[in-house]
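Have a look at the sequence and the model first, and then we'll go through the main points.

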Amino acid sequence: MAIRKKSTKSPPVLSHEFILQNHADIVSCVAMVFLLGLMFEITAKASIIFVTLQYNVTLPATEEQATESASLYYYGIKDLATVFFYMLVAIIIHAIIQEYVLDKINRRMHFSKTKHSKFNESGQLSAFYFFACVWGTFILVSENYISDPTILWRAYPHNLMTFQMKFFYISQLAYWFHAFPELYFQKTKKEDIPRQLVYIGLYLFHIAGAYLLNLNHLGLVLLVLHYFVEFLFHISRLFYFSDEKYQKGFSLWAVLFVLGRLLTLILSVLTVGFGLARAENQKLDFSTGNFNVLAVRIAVLASICITQAFMMWKFINFQLRRWREHSTFQAPPVRKKPTVTKGRSSRKGTENGVNGTVTSNGADSPRNRKEKSS
């Protein structure tokens, strides 16, 4: 009687390939846990911290707004939980755009591996920049930033924010934090990871700095300006991948990029160097969120100037590389003159015609006719 051996197969585990193929479903399940937690009284208090904005203050109605009371927000440690939840939402949206839009276009265009990764990067970033730029412009118009530029430094510290303002910053932080796991999900090449880490780190450093130092007004204006220029670059690159003769978008982007750097420096110096420097309250106070002291102002201006210089350096190198590639592409190929060899082989080749084939002239030459007649 045969004895059956027990199977020694280990239970299925979350392998590397399984996580890569189903990361959107896994993240969706985690996000649904927080949403389902709102339905039960026991877990509702914990889930609200992740899903909704925290630290709201209701101000009483004033003479100008006698009918409504304003609800404003400030930041705190609980914002990290909200950023984490919306980071999961950003991963889900990233996967939806990738699967239902970009992958379908990639199958039709048949890009190479290099173009495939760059097309995916530009497709994701152009969608994000467009949405963030429109959203930020709406906030600027609704809160009268354009009609009154002095609002950038007047009544500092800007420790109280509207719902739109705080949600905008939470979304920005969540998006750029979601870029870290996307390096793993998208199988980014090892040589590209340092560049991406610097790219993501600069965004998080400046957005978090503007949020924590209560410079959210200035940060919003600079982000909208920067996002518009970056959107133009990535949308131009998408058109370039479909038609390599398309160069007009890059020319317009090059002009706006330089203007954007100049406007960034002008607004930063005007706000931090002149507006906040002339404010009456220049005392460090963590309770009220006042960071208007000389050391902080120098650090803010130095970080902005260094970043703009770094971006200009990268821009100049990019333009020089494109100019070299364009000049080598348009350069006419150098034609070599045919060399005439002396000796029997050259005479034989001449008699036999072109490339050693016998021609009618060579076959009926006078010498051949004389030999035949004799």
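Which residues have the most contacts inside the largest nonpolar core? They are Y169, W176, I207, L220 and Y227, in a core of 47 residues. Keep in mind that this is a predicted model. The rest of the briefing goes topic by topic.

**The chain as a whole**

- The protein chain has twelve helices and two strands.
- Reading along the sequence, you get the pattern α-α-β-β-α-α-α-α-α-α-α-α-α-α.
- The chain has 374 residues, and 35% of them count as buried.
- Take the contacts with a separation of 6 or more: 72% of them are between residues 24 or more positions apart.

**The largest nonpolar core**

- Back to that core of 47 residues: at least two residues each come from α1 (16-37), α3, α4, α5, α6 (193-212) and α7 (216-242).
- The helix that gives the most to this core is α5, with eleven residues.
- As background, nonpolar side chains tend to be buried together in soluble globular proteins.
- I207 is one of the residues with the most contacts inside the core. Leaving aside residues up to four places away in sequence, I207 touches Y169, Q172, L173, W176, L223 and Y227.

- Q172 sits in helix α5. Is this residue buried or exposed? Q172 counts as buried because its relative accessible area is 2%, under the 20% cut-off.
- Leaving out residues up to four places away in sequence, Q172 touches F128, A132, I207 and Y227.
- H234 belongs to helix α7. With a relative accessible area of 3%, H234 is buried too.
- What does H234 touch, not counting residues up to four places away in sequence? The list is S122, L125, S126, Y129 and Y199.

**How α4 and α7 meet**

- Two packed helices are described by the angle between their axes and the distance between the axes.
- For α4 and α7, the axes come within 7 Å and cross at roughly 145°.
- The crossing of α4 past α7 is left-handed.
- Sort the residues of this contact by kind and you get 18 nonpolar, six polar and five charged.

**Backbone spots in the loops**

- Y156 and P157 are joined by a cis peptide bond, with omega at about 10°. You'll find P157 in the loop between α4 (113-142) and α5 (163-185).
- N144 is also in the loop between α4 and α5. Its phi is near 60°, a positive value in a residue other than glycine.
- N144 counts as partly exposed because its relative accessibility is 47%, which falls between the 20% and 50% cut-offs.
- H110 has a positive phi as well, near 55°, and is likewise a residue other than glycine. Look for H110 in the loop between α3 (79-109) and α4.
- Why does H110 count as exposed? The reason is its relative accessible area of 65%, which is over the 50% cut-off.

How values were computed: Residues numbered from 1 in each chain as written. Predicted model: local features only at pLDDT ≥ 70, side-chain atom pairs only at ≥ 80, totals over all residues. Heavy atoms only, no water. Helix = DSSP H or I, 4+ residues; strand = E, 2+ residues; numbered from the N terminus. Buried < 20%, exposed > 50% of the residue type's maximum accessible area, 1.4 Å probe, protein only. Core = buried A, V, L, I, M, F, W, Y, C linked by side-chain atoms within 4.5 Å. Contact = heavy atoms within 4.5 Å. Axes fitted to C-alpha atoms, helices over the stretch in contact; angles between N-to-C directions. Left-handed = near helix turned anticlockwise from the far one by under 90°. Nonpolar A, V, L, I, M, F, W, Y, C, P; charged D, E, K, R; others polar.
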